[in-house]
Structure formats: C-alpha cells, structure tokens
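Open the model in your viewer and keep the selection tool at hand. The tour below goes from one stop to the next.

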Amino acid sequence: MLVTWKYRLRDTFIQRLDPRTRFIYMLCIIFALTLPDIWDFRIILPLFLISLTLYLLARIEWKDVKRVWIFIGIFVFFIVGLNAVLSGRGGPSSVTNIVSPVLFMLPIKIPFTEIGWDVPITISKLWFAMNQIARMLTMAILAIPIPYTMNPNIYGTAFKRMGVSDKVSFTMDLAFRFLPTFARDFKITIDAQRARGYELDKLKGGLAARIRRLAPLVIPVVMQSTVTGEEVIDAMDLRAFGTAPRTWLKNLQYAPRDYAMIAFGVIIFTTCCVLKWGFGIGGFFVPEFFTKLLIG
Amino acid sequence: MNDKSTWEFGTRQVVYGAIGAALYGVLSLATNYFPLPAAGNVTFRPAVAVLIFFGAAYGPWVGLLAGFIGNTLGDAAMGWGFYWNWSLGNGLMGLVAGLVMPMIKDFKARSDILKAIGYGVAGIAVGMLFASVTEKFIGGLDWSTALVGYFTPAFIGNTLVVVILLPILMIAFAGVAARRGR
C-alpha cells in the first residue's frame with residue numbers, strides 16, 4: 001500500500017483560487033444553511049446550482065471520484081433520503097406538524113415477527129426528503145474537490161495564513177511529509193510479517209481475535225515511529241525551533257478573484273441570515289406546484 | 001491534572017502530533033484496504049487505538065492534533081473531501097484521551113492501562129458524540145439517526161478496538177521507552 005495523493009495540477013479556476021478562499025467560502029455556505037436553519041427550496045436550489053457549478057469548474061475526472069460518489073449516493077439517497085421520506089424527521093418540526101395529503105401507506109414489518117405498522121408517506125415528507133438531499137449535496141460537493149485540487153504541501157501554509165499558530169501549522173506540514181514514509185514502513189512490515197508466515201488475508205477467530213491479530217502489523221510501525229520522533233525532536237531543537245516566529249517557504253497572496261469569491265460567500269451568508277431572522281423567509285413549506293404535480 | 005507539563009506545547013508535541021497524525025492517516029487508509037468484518041453497520045478502525053495511545057503517551061495537545069490532522073489526512077488521501085466536524089471530533093477523542101498522561105507512571109502497570117482505556121473510551125464518547133451531533137445540525141439528520149446511525153456504531157467499534165489494542169501498544173511502548181531511557 002502506497003499513499004498516492006489525489007491532487008493533480010489542472011489549471012482550472014478552482015485551482016487558481018487561494019486555498020484560504022476555498023475554505024472560507026465553504027464555511028460561509030455551511031453556516032449560511034445551518035445557522036439560520038434554511039429549508040426553503042427557493043434558497044437551497046440556487047445555492048446547490050452554484051456549488052454544482054464550482055464542482056464542475058474543478059474538472060475532476062469521473063474515474064477519480066466514482067467511488068466517492070457511489071458512497072455519497074448510497075448515504076444521501078438511501079440512508080438520509082429514505083429516513084426523511086419514512087419519518088420526516090431531522091429538519092424543522094413543520095414537516096410532520098403541517099397537514100399534508102397522504103400519498104400512500106407503506107407497510108413495514110419487523111422480520112420474523114408479527115409486529116408491524118403502516119407508515120403514511122405524505123407529500124410534505126417527500127418534499128422534505130428532496131430538500132434535505134439537495135441541502136446536503138450543496139455542502140458536500142464543495143468538500144469533495146479539495147483533495148483533488150489542493151496541493152497537499154500547501155495545507156500547512158494555508159492554515160498558518162488563516163491565523164492558526166506556527167506550531168499547529170508546522171505540525172500539519174510535517175504530518176503531510178511523514179505520511180508517505182510511514183506508508184512505506186507499513187508496507188515493509190506487512191511484507192516482513194508475510195515472509196514469517198503471517199496470513200493477512202486469512203485472519204481467523206472471533207472479532208476480538210481478529211483485531212488482536214492486527215498487532216504484529218501495527219506495533220512495529222508505531223514503535224519505530226516513536227524512536228524516529230526523538231531524532232526529529234533533537235534535530236529541530238538543535239535548529240532552535242519554536243524560539244522565534246517562523247518564515248514559510250511558500251507564500252500565499254490573495255488575488256482580486258479571491259476577494260470576489262470571499263465577498264460572494266459572505267453575501268450569501270448575510271442574505272440567508274437577514275432573510276430568515278429579518279423577514280421570516282427560509283423555513284420549510286411545501287410549494288403548491290409540488291402538491292398539484294402529485295395529486296392534481 | 002492540568003499541570004504545566006500536561007498542557008505544554010513545544011517541539012515534542014509538534015513532532016509527535018505530526019507523527020500521530022501521519023500514523024492515524026496511514027492506518028485509517030490501511031483499514032480500507034484490509035477491512036475487518038463488522039456486524040450490522042458497526043465499523044472497525046484499528047487506527048483509533050493508535051490515536052488514543054498517542055494521547056495517553058504524549059498528552060492532550062498531541063491527541064488533538066493527531067486526531068484532527070490525521071482524520072483530515074486520511075480523508076484527503078482517500079479523496080473523500082474535508083469534513084471539519086468529523087476531523088474535530090477525532091481531535092476531541094485524542095484530546096480527552098490525552099488527559100490521562102500525567103496519571104500514567106508505568107505503561108506496563110495494569111492500573112495505568114485501565115486508566116488509559118477509561119480515558120480513551122471517554123474520549124471516544126466525547127469525540128464521536130460531537131461529530132454525530134454536529135452532523136445533525138449540518139446534515140439535518142434527526143436525533144435517532146445521529147445517535148443510533150452514527151454515534152452508536154462508531155462508539156462500539158472504536159471502544160472494542162481500543163480495549164483490545166491499547167494494552168498491547170502500551171506494553172510494547174514501555175519496552176521501547178525503557179531501552180531509550182527517556
């Protein structure tokens with residue numbers, strides 16, 4: 001097993017943005033939807049389309065993200081969506097409190113028992129499920145491109161320039177550099193244990209026994225790393241690490257497009273707050289066209 | 001408990017925070033390559049034992065950094081994205097586990113191992129509860145999905161891993177530390 005970063009230079013608008021801009025914009029959208037508790041499709045849908053546009057602008061190949069999308073698809077559509085359709089819970093109480101026409105009754109029975117009940121599937125629950133899926137995707141599709149479009153070597157610098165302390169940023173920078181080394185050590189350990197007859201693919205016994213049998217793979221790598229750590233500490237202490245503010249090799253500078261993007265994020269956040277708290281717009285409701293569409 | 005050495009943040013904490021994070025990231029990735037069989041939706045992440053160990057051995061700051069950065073690294077290397085609340089939840093898990101550091105005198109002693117497991121389990125509860133509850137607000141999940149669907153499987157799986165692997169890590173570390181003399 002070798003760690004290969006998903007990052008590749010693609011020369012896109014998204015990659016030309018400063019990493020800080022992307023983090024700040026993502027937080028603006030997350031807070032815009034969650035703090036004022038927005039459930040109005042008239043707000044969610046445009047935000048979803050903006051997020052989708054930004055995702056497409058990243059130009060990530062489908063083969064790279066196929067697995068991630070399958071996972072997200074299963075999670076969002078089957079777990080969250082189904083839960084929303086069946087229970088209508090998770091959002092505002094108005095989903096289950098408002099009077100809404102029942103589309104059909106879904107009989108649910110506990111297997112091997114006679115216990116069961118009929119769950120009413122209402123228009124309100126169905127609309128809520130669609131809103132919830134769109135709302136979750138609006139936030140998720142801003143996070144997905146990050147590993148593919150942000151250079152791993154820049155994370156430490158980005159966090160430093162966002163106000164995080166030198167030491168924490170350096171920890172992040174150092175961790176990214178250690179990762180391939182430990183991945184290599186882990187691979188060597190696996191090979192060495194296999195050479196001694198350790199059958200990785202045939203872990204036998206109960207659950208506890210199987211977890212315990214991972215110890216021959218985990219312990220050597222962890223213990224070796226603690227020894228390595230002492231050597232690194234000595235080297236850093238000899239160079240007087242932590243006695244004065246650090247300088248950073250990579251420099252980040254905001255371009256006009258970054259200011260525009262951050263301003264856009266802040267405007268979205270402010271608008272959502274003002275609409276909800278100032279005008280009472282942004283709560284959950286079922287639009288008339290949806291009801292008409294389903295029951296005429 | 002909160003004496004100077006517990007909350008000290010110097011070169012040692014920076015380095016072991018980075019090492020813990022990198023190991024947490026690598027071993028989380030490895031779990032995906034060699035998945036353990038699980039019951040229902042309970043998943044097992046052996047790397048959690050390493051995170052709790054780093055907290056117990058080097059303190060709360062190391063636990064916090066190893067958890068937060070390690071989870072971010074693992075997600076980045078897998079291509080999942082950046083989910084700040086899960087990263088912070090993992091960080092809290094390490095931080096709470098790290099509070100046991102000043103109480104540990106001998107990594108081989110049964111009582112100290114039990115203390116580390118106790119704090120580790122408390123850390124798992126705090127960290128996973130934080131991540132699950134924030135997911136409720138961010139994702140709009142209901143309480144039952146957040147607690148039954150997220151928190152409970154994560155808590156059970158991680159606790160089992162910590163109870164089994166943490167004592168082995170601590171005993172092995174006692175030997176290494178004795179040989180190293182610091």
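**Stop 1: where the chains meet**

Select chains A and B of this predicted model. Here 63 residues of chain A are in contact with 52 residues of chain B. Now color the elements of chain A that give two or more residues to this side: α2 (19–34), α4 (62–87), α6 (123–143), α7 (146–149), α9 (166–195), α10 (207–212) and α11 (215–238). Then color the side of chain A that touches chain B by residue class: 43 of its residues are nonpolar, eleven are polar and nine are charged.

**Stop 2: chain A as a whole**

Chain A shows 13 helices and two strands. Its C-alpha trace spans about 75 × 60 × 35 Å along the principal axes. The radius of gyration of chain A is 25 Å, whereas a compact globule of 296 residues would have one near 19 Å. Of the 296 residues of chain A, 33% count as buried. Among contacts in chain A with a separation of 6 or more, 77% join residues 24 or more positions apart.

**Stop 3: two loop residues**

Select A:D37, in the loop between α2 and α3 (41–57) of chain A. Its phi is near 55°, a positive value in a residue other than glycine. Is A:D37 buried, partly exposed or exposed? A:D37 is partly exposed, because 15 other C-beta atoms lie within 10 Å.

Move on to A:A240, in the loop between α11 and α12 (256–279) of chain A. A:A240 is not a glycine, yet has a positive phi of about 60°. With 9 other C-beta atoms within 10 Å, A:A240 is exposed.

How values were computed:
Residues are numbered from 1 along each chain as its sequence is written. Chains are lettered from A and ligands numbered from 1 in the order in which they are written. This is a predicted model: local features need pLDDT of at least 70, side-chain atom pairs count only at pLDDT 80 or more; totals for chains, interfaces and linings use all residues. Two residues are in contact if their C-beta atoms, placed from the backbone, lie within 7 Å. Helices (H or I, at least four residues) and strands (E, at least two) are DSSP runs, numbered from the N terminus. Ala, Val, Leu, Ile, Met, Phe, Trp, Tyr, Cys and Pro count as nonpolar, Asp, Glu, Lys and Arg as charged, and the others, Gly among them, as polar. The radius of gyration is taken over C-alpha atoms; the globule rule is 2.2 Å times the number of residues to the power 0.38. A residue is buried if 20 or more other C-beta atoms lie within 10 Å of its own, exposed if 12 or fewer, and partly exposed in between; C-beta atoms are placed from the backbone.
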